[in-house]
Amino acid sequence: MSYELRDHTADVAVEATADSLGGVFAAIADGMAAAMTEDAPGDGSRFTFEERAESREALLFDYLDRLIYERDVRNVLPVDHRATVREDGGEWVAAASARAVPLNAVDARDLKAVTYSEMDLSERDSGWHAYVVFDV
């Protein structure tokens, strides 16, 4: 599981790969956190959540949007992501967790939103690939 931050005109993009669909969700989320701060301390308690959507792409969008919501509402930076993704009765489900680092403990840059612009979520011979652009 890995991610890379990519330059993007006036925005920031994250590209990630992993062996599993849940792994690529977590890797993109790790990249999103890295785009917000270069160094997160090891403290913060773990929280869990679940997201549901009608497609894998919509689920990735909702999953990342939920992390931005957690940041904005709880004043935490979600880091150290874990996720599993499954299909359940025609609906896609992400069961996830992250560590909530208090925002006052990090020097964080703002990401406004996740976008569908240029989003790619695809299975390749080498595993899963994702590319997501974030509005800054």
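Which residue forms a salt bridge with Arg71? Asp72 does, with the closest N and O atoms 2.7 Å apart. A salt bridge here is a side-chain nitrogen of Lys or Arg within 4 Å of a carboxyl oxygen of Asp or Glu. Arg71 is buried at 6% relative accessible area, while Asp72 is partly exposed at 46%. Buried means under 20% relative accessible area, exposed over 50%, and partly exposed in between (1.4 Å probe, protein chains only).

This is a predicted model: local features need pLDDT of at least 70, side-chain atom pairs count only at pLDDT 80 or more, and totals for chains, interfaces and linings use all residues. Residues are numbered from 1 along each chain as its sequence is written, and side-chain values use heavy atoms, leaving out hydrogens and water.

The whole structure holds 11 salt bridges. Another one pairs Arg74 with Glu70 at 2.9 Å between the closest N and O atoms. Glu70 is buried at 5%; Arg74 is partly exposed at 38%. Arg52 and Glu50 also meet in a salt bridge (3.2 Å, N to O). A network of salt bridges links Glu50 and Arg52 with Asp88 and Glu91.

Now turn to the core. The largest nonpolar core has 45 residues, and Tyr63 is among those touching the most other members. Such a core is a set of buried Ala, Val, Leu, Ile, Met, Phe, Trp, Tyr and Cys residues joined through side-chain atoms within 4.5 Å. Beyond its neighbours within four places in sequence, Tyr63 is in contact (heavy atoms within 4.5 Å) with residues including Phe25, Phe49 and Glu51. Glu51 counts as buried, at 15% relative accessibility.
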